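Take a look at the sequence and the 3D view, then read on.

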Amino acid sequence: PSPSSMGDKAKTPQQGTPPDGSKQGWLLKWTNYVRGFRERWFVLERGVLSYYRTKEEMQHTCRGTLVLKDAKIESETGNNFIVYAGGSRRGDGQFFQLRAHSERERQEWI
C-alpha cells in the first residue's frame, strides 16, 4: 500500500519506544522496483532489527533481521533512511532501505 492508503496503521498506539530501549512499529521497506515500498512491522530489540509482514506474523515468521552492532544509518531525502549491517555500504552487505511515515517517526527510529 502507498503511504496515503495505510489508514490508521501508522498511528497504532502500540508503536513507540518502551523504557527498556526496544521499539516496534510500522515502517515502509523497499522491496523492489515493481512493488516499491511496502509496509512492514519492525521490532528493535537487544541490538537486532527484525521485520514481519504483519504484527501477527511475529509469532511464527521473521522476514529478515539486521544485527545493529557497528551498523551505519544513512539519512536520505524525505522520511527515508538506510540501515547497513556492520557499517557496510550498499552492494557490500545486507541493508534495509526504509521510509518512516513522518520526520518525527524517522528521528525516533534513527
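Two strands are said to pair if DSSP finds at least two bridges between them. Strands (E, at least two residues) are DSSP runs, numbered from the N terminus. This is a predicted model, in which local features need pLDDT of at least 70 and side-chain atom pairs count only at pLDDT 80 or more, while totals for chains, interfaces and linings use all residues. Residues are numbered from 1 along each chain as its sequence is written, and side-chain values use heavy atoms, with hydrogens and water left out.

**The sheet**

- Seven strands form an open sheet with antiparallel pairing, and their order is β4-β3-β2-β1-β7-β6-β5.
- At the edges you will find β4 (64–67) and β5 (72–75), each of which pairs on one side only.
- From one strand to the next, the twist averages 35°; axes here are lines fitted to C-alpha atoms, and angles run from 0 to 180 degrees between N-to-C directions.
- Four bridges join strand β3 (residues 48–52) to β4 in the antiparallel sense.
- Across from Val-67 in β4 stands Val-48.

**Aromatic pairs**

- Rings of Phe, Tyr and Trp (its six-membered ring) pair if their centres lie within 6.5 Å; planes under 30 degrees apart count as stacked, over 60 as edge-to-face and the rest as tilted.
- By this rule there are seven aromatic pairs.
- Trp-30 and Phe-37 make an edge-to-face pair, because their ring centres are 5.2 Å apart and their planes stand at 75°.
- Tyr-84 and Phe-95 make a tilted pair, because their planes are at 40°, with ring centres 5.9 Å apart.
- Tyr-84 belongs to strand β6 (residues 80–84) and Phe-95 to strand β7 (residues 95–99), so this pair ties together parts that are eleven residues apart in sequence.
- Trp-30, Tyr-33 and Phe-37 are linked into a cluster by ring pairs.

**Buried or partly exposed**

- Buried means under 20% relative accessible area, exposed means over 50%, and partly exposed is in between (1.4 Å probe, protein chains only).
- Phe-37 is buried at 14%, whereas Trp-30 is partly exposed at 25%.
- Tyr-84 is buried at 1%, whereas Phe-95 is partly exposed at 28%.

**Charges over rings**

- A charge sits over a ring if NZ of Lys or CZ of Arg is within 6 Å of the ring centre and within 35 degrees of the ring normal.
- Arg-99 lies over the face of Phe-37, 4.0 Å from the ring centre.
- Lys-23 has its charged end over the ring of Trp-109, at 4.9 Å from the centre.
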